[in-house]
Amino acid sequence: MKTKINQLLQEVDAFVINSKERLEQFRLHFLSKKGVIPALFNDFKLVAPDERKTMGMLLNELKNHAQEKLKAAQETLDTPDGKHTKGIDITLPAGRFKGGRHPISIVRREINSIFERLGYVISEGPEIEDDFHNFSALNFPPEHPARDMQDTFFIQKDPDVALRTHTSSVQVRVMEQGKLPVRIIAPGRVFRNEAISARAHCIFHQIEGLYVDKDVSFADLKQTLFYFAQEFFGPETKIRFRPSYFPFTETSAEMDVSCNICGGEGCNICKYSGWVEILGCGMVDPNVLEACGIDSNTYTGFAFGMGIERIALVKYQINDLRLFFENDLRFLEQFESL
Ligand code: DAH
């Protein structure tokens, strides 16, 4: 009987199941009531009593082996292309959603590349900052409201350690290294203790720009940002500057671009003004240069800062900033990028 069992084991292994017909043949031949394995079980009563235990075990192994092969073959033939057995079939066509970049990443990369073409280098700074880099060196007076608990997330109630409220802190980090001239952009995450709404979030992204050299003027600032606006929003885009105030720039301005949706005619995106505000900018305040160890009699510079979410809202005509943070696939799959 042992020889017979071994022989059948080999036959089971050698049997090729590549179709539903072969599957049925296998079942009939080995496992059906009239199959060869149940027949062996019938012969079991002829086995000498002292061999029954071992033979019983071997017989059961044979039966299990054949049943497992049948089951595996069944599963294979049930999968759509019939080639793979268990787990994920990586040869199947992908689902309807192609992986892609987040719209904030798409916009950040596009802005980065425009400034890189102008010779700007990307810089980074820490998200947890001290008061000096986030405020003091940037000429914020001690009682400035932005330092207030209501705006700033402090770390462990330490008034000197906080989540940076803007990427302008990277300006200070770069300038204090003292390698001049400086021409950097600094993309990154910033944090403000604000109520979340369609127009504001407590975490968002900015890109900071800084150019410091001898004889840098406001005309350079204008030309640089004009180039950026046309590259980003299209060659028809116009820009305008409005006077503004930031502690770290003097003079300070805000820049608007002509609304790329209505071309300046007036629509709900530009609130019927024909213009959308996209960034703050100005000439670096001499106090800031000095705080970073740069001689303000020899060097001048300009700086600008923009919110990536805000630019993405304008670019994609989106009216609720929270969509960028929810990661709803129905939203994300509408964006394509290289
Ligand atoms: N840091 C400013 C903000 O978060 C943005 C800004 C304005 C940056 C003017 C600048 C600038 O570099 O010159 O609102």
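Buried means under 20% relative accessible area, exposed means over 50%, and partly exposed lies in between (1.4 Å probe, protein chains only).

## Basis of the model

This is a predicted model: local features need pLDDT of at least 70, side-chain atom pairs count only at pLDDT 80 or more, and totals for chains, interfaces and linings use all residues. Residues are numbered from 1 along each chain as its sequence is written, and side-chain values use heavy atoms, with hydrogens and water left out.

## Overall form

The protein chain has twelve helices and ten strands. Both are DSSP runs numbered from the N terminus: helices are H or I with at least four residues, strands are E with at least two. The C-alpha trace spans about 110 × 50 × 35 Å along its principal axes. The radius of gyration of the protein chain is 35 Å, while a compact globule of 338 residues would have one near 20 Å. That radius is taken over C-alpha atoms, and the globule rule is 2.2 Å times the number of residues to the power 0.38.

Of the 338 residues, 40% count as buried. The protein chain exposes about 19000 Å², and carbon and sulfur atoms supply 52% of it. Accessible areas come from the Shrake-Rupley method with a 1.4 Å probe; for residues, only the protein chains shown count as cover. Contact means heavy atoms within 4.5 Å. Among contacts between residues at least 6 apart in sequence, 65% join residues at least 24 apart.

## A buried loop residue

Thr165 lies in the loop between β4 (158-163) and α7 (168-175). Thr165 has 6% relative accessibility, so it counts as buried. Leaving out residues up to four places away in sequence, Thr165 touches Asn134, Phe135, Asp151, Thr152, Val190, Phe191 and Arg192.

Glu116 sits in helix α5 (residues 103-117). Its relative accessibility is 42%, so Glu116 counts as partly exposed.

Ile114 is buried, with a relative accessible area of 1%. Not counting residues up to four places away in sequence, Ile114 touches Tyr227, Phe228, Glu231 and Phe232. Ile114 and Ile88 are 26 residues apart in sequence, and 42 Å apart in space, C-alpha to C-alpha.

## Helix α10 and its neighbors

Helix α8 (residues 218-233) and helix α10 (residues 308-316) pack at an angle of about 45°, with axes 12 Å apart. That makes α8 oblique to α10. Angles under 35 degrees count as roughly parallel, over 145 as roughly antiparallel, 65 to 115 as roughly perpendicular and the rest as oblique. Axes are lines fitted to C-alpha atoms, for helices over the stretch in contact, and angles run from 0 to 180 degrees between N-to-C directions.

Phe228, Phe232 and Phe233 in α8 meet Ile311, Val314 and Lys315 in α10. In α10, Ile308, Glu309, Ile311, Ala312, Leu313 and Val314 are buried. The buried residues of α10 pack against α5, β6 (203-213), α8, β9 (275-284), β10 (300-307) and α11 (323-326). Gln317 follows α10, and its phi is positive, near 55°.

## The pair α2 and α3

Helix α2 (residues 20-31) and helix α3 (residues 36-43) pack at about 10°, with axes 4 Å apart. The two are therefore roughly parallel to each other. His29, Phe30 and Leu31 in α2 meet Val36, Ile37 and Pro38 in α3.
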